[in-house]
Every structure is written in C-alpha cells, then in structure tokens.
Amino acid sequence: MSMGFDKETFKKSVLFNMKNVFRKTVEEATPEQMYQAVAYAVKDVIIDEWIATHKEYEKQDVKTLYYLSMEFLMGRALGNNIINIMSQKEVKEVLEELGFDLNAIEDQEPDPALGNGGLGRLAACFLDSLATLGYPAYGCGIRYRYGMFKQKIENGYQVEVPDNWLMNGCPFEIRRAEYATEVKFGGHVNTVWEDGKERFVQEGYQSVRAVPYDMPIVGYGNNVVNTLRIWDAEAINTFSLDSFDRGDYQKAVEQENLAKTIVEVLYPNDNHYAGKELRLKQQYFFISASVQRAVMKYMENHEDIHRFHEKNVFQLNDTHPTVAVPELMRILLDDYRLGWDEAWEITTKTCAYTNHTIMSEALEKWPIDLFSRLLPRIYQIVEEINRRFQEKIEERYPGNQDKVRSMAILYDGQVRMAHLAIAGSFSVNGVARLHTEILKNQELKDFYEMMPGKFNNKTNGITQRRFLLHGNPLLAEWITKKIGGDWIVDLPHIRRLAPYAEDPKSRQEFMDIKYRNKVRLAAYIKEHNGIDVDPRSIFDVQVKRLHEYKRQLMNILHVMYLYNQLKDNPYMDMLPRTFIFGAKAAAGYKRAKLTIKLINAVAEVVNRDRSIGGKIKVVFIEDYKVSNAEIIFAAADVSEQISTASKEASGTGNMKFMLNGALTLGTMDGANVEIVEEAGAENAFIFGMSSDEVIRYEKEGGYDPMEIFNSDSEIRRVLMQLINGYYSPEDPELFRDIYNSLLNTQSSDRADTYFILKDFRSYADARSRTDQAYRDEAWWAKAAMLNVACSGKFTSDRTIEEYVRDIWHLEKVKVELEEP
Ligand code: GPU
C-alpha cells in the first residue's frame, strides 16, 4: 500500500468531493458522479507525491527528458493510477462499503484517446515506465478537444462518431495558466540592425495563446509522479470592440478562429501523411510552446544557455515534432543572440529522432510554399540548415550530385521532414532490430553511410502494469502466487514461470484462467455485438488499425476459403474457431472501410449458417480501443501478426498477446522476429515471404498475382465471390475494388501490392498447423505458458533503460514522502 494512503481519509475524501463537486451524498450519486468523486479523491493522494517529485527534481537539478509527440494514447487513468499507488485492494473495499463496484466505476471513465494506434500507445507505455523507473520526464502534446473518433458499425459499415472526451471534464488534469506562451503564425520576417548585428523579427503575424494542462503520470509504488503536459489554444486577445474601431476587426476574428480550430481534432491517420495545413499548425503550435517553456524553465535556475543540452533532451516521436529543431535554433539565435555554430551545436546535442515506419506514404514532405507562408522565420532557418548540410555532403562526396539530391532537406519544392530530423539530431533509432537494419541498408542508406554513429536500435516494449496486472487480474494473481510479484517492476523475472510449463496441474490452472478470460470476452461480445460465441472455440484475434499492409484482407479471405471447404464438406475435421477482428479505418481510407464492410458481410453469412455446425464464427468488435483491448488480449489463443514482411516497423500488440499467453501466427516482420527468438520457433506459427524476398520483388519485379489466380482454383473461387454477390447479393459489385486491387495493376502500383495471394497458401498452412496443435491441450498449454515466461524482453522498462543508457543519459531519482 502507498505510504500516503489511508482508508478512512480516502473515504472521507470521496464523500467530501461528492458534496463539493456535485452537492450530493453518495446515496444520491449516479455511477458517473461516483467515478468523478473517486477520481478526485485519488488525485488528492497523487498530488502530494507529484509535488514531492518535482521538489526533488529541482533540488537535484536533474537532466530532463521531453518526449515530444503528437499522440498519447493513454487509455483510462483511474484504474491504472489506483494500481500504481498500490491501493487497489483498499479502494475496492472502501467502494464496497459505500455500495459500489470498482470495475463498474472504472467503466464510467471515457477512454482518453489522443492517439491513433501503436505510435501513440508506445508514448503512453514509455511515460508509465519512465515514472516507474524514476526518470525525470515530461510528455508534451496537444489537448485535442476531440480524440480518436468512436466507431459505430451500421449495416456493416464503419460510422465515425465524435469523441467528446472532455464533456464531463477530466478530474485528473490541472490547468497551468501561469505557463501560457504565445505562438506566432504567418506574416513576414523583417531585418533590423542592432549592435552591429542583424536581428530578424516576425511581423504581421497571427498568434494564439498556448495554455498547458498537466496530467499526473504515476510510477508504480515509488512515489514518483511525472507530468503529461498537453497544450490548449486560446485566443490571445479577448474579442474587443476597440479592435473594430482600429480596423483590426478582421484580425481579431481570425485569431479567435485560429485558436478554436487548432486543437479541435486529432487527425485519424495512422502511418499516412495527408499534407493538411492545419496539421502543420498543430505541429508548430505544441512544439513552439513546449520548447519555449523548456528553455524558460532551464533559465530559471541556470545562467548559461550554452549548457542547455546538459540538462535537457528532446525525443522526437517520428517526424511530426521535427519543427523542434528549427524552433530551438530560432530561440537561441533570435532570443539569446547566439551565433549559428554555437546554436547548432546545442540543438543537435539536444534532439534525437525515432523513426516508426518505412512506408513511403507516411513520409512527411511539406510543400515549401505552404511551409514558408505559415512559418516564415522557421523556414529561413531551415533554408540555412539545408545550405550547410548540402555543403557537408559535398565535402564528403565531392562532385557527387546524386548524394546531394538524395539527402537534401529542401528538394523538389518540398521540406523533407525526415531529412531535417536526421540532420538536426545526434541519434536516429528504429523500433525493432529488423526495422533498424532496413533503415540502415535501404531507406536511409546514404545517411547511415555518412553518419553511422547516429544510428541505433531500440526495440519497442509495452507496460506489463497495464496489459497484465490491470488487464488480466486472474493471470496476474496466479503468476504472483507461483513466482512472487517481482515481475511487476522487473518483467524478465517472469521466466521463473518456465518450469511450471512442465507441470500438468499448473497447465490446467493456466488453461482454466484462459477459459475464464474467454468467458469474460464472450460476455462483452454478447453485450456489444449480440453475437453468441463459444468460449471453448479457438479465439483467433487480429486487433490493430486497419491498413492494407497489415493484411486484415488476407485473414478474411482465408475465412472465406475455410467456409467454402466446410460448405463442400460439412463434416470436415476442423476445430471450432472464432475469428475476432477489431480495427478502425482512417475516415478517408476507402479501401480500408470497404474491408470492414467485407468482414461484416462475411460474418453475416457465416454466423447464420446452421449447416456448418458453428465451426466458424466471425466477430467484428466495434470501437477497438485501449479499454476493450485489455479484455481482448487476455482472452486470445492465437495472435494474428500477418503484415507483409518489411512493412510493420515493430508492432506492439504482438507483445501484449504474448504476455497474455497467446501464440503468434505471423510473418518474420518487425518485432515478431525477436518474439519468436525469445519464445522459440517451435512455440509460434511462422509463415510467408521474408523481408528480403519482399524487397527483392519490389525492386526487380517478377510477381504476377494473375498466375496464382489462374492456377489455384480455391483462391480463384474466393476471389470470384468478391464480385458475384456471394456476400453482397443486393449489390454484387460492392467488393469490386478489393478484387481489382489484388488482380489489376493500379495506376502506379503493382497489383496485390502487399503480396496477399503470394503468401496465401503459406498462411493457410500455418493456420491449419494451429488447428492441429490446439488438439493437443497439454502441448498448447505448455507453449502458451512458455510465451508468457519468455516475454521479459518486451517490457517498455527495458526499452526505456536502453534509451537512457544510449541516448538520454538521465539519472534515477528517489522520492521519499514526508510522514502525513
Ligand atoms: N506507427 Br509512422 C503508428 O502507429 N503510426 C504512425 O503514424 C507511424 C507508425 C507504428 C508502427 O506502424 C508500428 O509498427 C510500431 O510498433 C509503432 O508505431 C510504435 O513504434
């Protein structure tokens, strides 16, 4: 139990907050009001630790990490915070005494979904680990009014519903008006002379006031509370009629509107660059505010700006925050009047960049006209960075214009943000071993050759506190009973579970827990989808964003293929299997949305068909998000990780499944490679082309999906069902686009860009191997337990320790609480 926690005080605090916030007694309260009152009471406990942590940071004058990210996919805070202050048992008891159930109260909290998928969730896991390990860190981001949309399925189609997560307020956040800063857009740059030196001033700009809201990030049982700082935008001048008189009316209205729109909504694109002006505004808005504040904070208790990098490090979560490089330069040059070389040295010793994809459509390339119009002073600085960087390239490769062209920051009318990030950072890392190798040898080869020392790998990780301790309490308790609780803060200890994989009784206990978790998920599915699923069937799960490269289409095509086989032979020897999908598609991604419709259309036909004896069920879980993810991972038998090799930088869902004892059915892509290495190839089902083969086909051609269509009648039959109305009798042409994508050369792309038909047979074979393996329950239990036992590497605690050792160089801080 946490030092600062006392049951009676806590109960009083709940009652007090109920009265103070809602003017109600607990008996009169709705569950939602009870959630709020409990959250405020928990915040009361956290606040003392929060204050103590920051006192300690100041006292020790620590080096601080700023994790700069457009996305933080935090998920619900209440349950996690209660676990991390180690008071779950006590809070549960207090609530029971008051007549409430903790789980039901937790369910009242909206999921803060200020992120799309893996990249945003990684940021959230990192914050959890940083606090738990005691490292001084801020997450810096945007307080979007609307987060990731809520997904409704209507008539099989995805419908996007706005996510008004702040509707009832957020009890954990604190508005910090005292740290508000101004962020400027547009106008032009004027040169004035001052003390014989040029000074650049931005004039005729519009600006907004950036106001930070702080959320506590609670470490596990160590009194450390870090901060997620998300910025809201407000109008700089409250609207006044004077401005009308002064003729500034138009500008005042514009500034008001700018503030309103800038933080309005999270762009729902994952792994995709859309080039929207408002998105660039969002990027500069939160970066300028965060960097200004970091510099100000540093100067509050340091004299010498030249040593800024000794106390501060900025980690850029993909290229989205890359304007931090020219923004820090701007502050050093214009506000602190440093020379270019000294400013550049500080900047490049402060910034580090993480790459999260090699998909070319995700690369950010801003048109120069847009970029320079919106950020005129920043653009000037980028031009100078580019000029000097090109000089460096020429120095290194005299006369080699190809190198200059391939590496330039400004090229072909565009600002290439990845190149700016690499030039401006002292470290460039990929997120899994294979991904980093591909960066070094293919995508960023030229950069690697010129500056090999910058490149390093940091294989992703996940927090076991949320995805096992909170999400799977049955398994968590059982593990702790067997081997003690060290795994909670030191996941590699979980290897002590391995010997139990040999023990029949332990296997039985483990499988019973899996079964109970499947019952829990079945109940969720019944309640939310109205579908009955059999918890004794194999739960075969693919949950992640919908994207062609992740190949949900291959999965559902294979379900169609199995269904055909069953229709031909209803007595086919096949274990009952429930195929579970969960995925949001970007609102403008047509083919992804059509794939969701296809999955639901297949579900509609298959789930109703009594002739197949319930051997196949297909379930599409609506609104996949962090809170239901916790329930889904706990219940999975098979983890579908089937991206085209080379395309998934790492994946992190794969790790969450493993930790919960699902077996991986996957390609040798991303972190799957390392998962299989840890778990043993014999405890996974691997299939498909290697990344080398994929890359060779992409370079040299030689793949024709039509050959497969012509020679494989079963595949042909499945594909024909996309265009003969088998799953869409009311509109036989409905899935024509999907059919075309697999067989007809698209405008610029090869047909079947993601090698679905090429890998199909190998996938089908891997799936039938899982069916065979599941028949041997003892074997399956052992393999599943070994997956859990071997998951130690994939804790984000390990990832963070590697970032600290190789990149951030932070010191661990201990926080002692004074006796209450
Ligand atoms: N990722 Br770029 C996203 O979730 N969104 C993005 O915009 C970009 C990358 C993911 C990768 O696809 C996934 O493989 C990786 O595990 C994750 O970032 C975290 O590194």
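Predicted model: local features only at pLDDT ≥ 70, side-chain atom pairs only at ≥ 80, totals over all residues.
**Domains and their contact**

The chain falls into three domains, whose segments are listed below.

| Domain | Residues |
|---|---|
| domain 1 | 1–60 + 77–110 |
| domain 2 | 61–76 + 111–238 + 279–458 |
| domain 3 | 464–686 + 755–788 |

Taken over C-alpha atoms, the centres of domain 2 and domain 3 are separated by 35 Å. To the contact between these two, domain 2 contributes 33 residues and domain 3 contributes 32 residues. On the side of domain 2 that touches domain 3, at least two residues each come from α6 (118–133), β3 (150–154), β4 (157–161) and α17 (433–443). Helix α6 gives the most to this side, namely five residues. Sorted by class, the side of domain 2 that touches domain 3 holds 13 nonpolar, 12 polar and eight charged residues.

Strands of a sheet pair through backbone hydrogen bonds, in either a parallel or an antiparallel manner. In this model, three strands form an open sheet in the order β13-β15-β14, and their pairing is antiparallel. Strands β13 (365–367) and β14 (410–411) are the edge strands, each pairing on one side only. Strand β15 (residues 414–416) is joined to β13 by three bridges, and the two run antiparallel. Opposite Gln-414 in β15 stands Pro-367.

**The surroundings of Ile-262**

Ile-262 belongs to helix α8 (residues 249–262). Is Ile-262 buried or exposed? Ile-262 counts as buried because it has 24 C-beta neighbours inside 10 Å, and the threshold for a buried residue is 20 or more. When neighbours within four places in sequence are left aside, the contacts of Ile-262 are Val-208, Ala-233, Lys-281, Gln-282 and Phe-285.

Technical notes. Residues numbered from 1 in each chain as written. Domains from an automatic or database assignment. Contact = placed C-beta atoms within 7 Å. Helix = DSSP H or I, 4+ residues; strand = E, 2+ residues; numbered from the N terminus. Nonpolar A, V, L, I, M, F, W, Y, C, P; charged D, E, K, R; others polar. Pairing = 2+ DSSP bridges. Buried ≥ 20, exposed ≤ 12 C-beta atoms within 10 Å, placed from the backbone.
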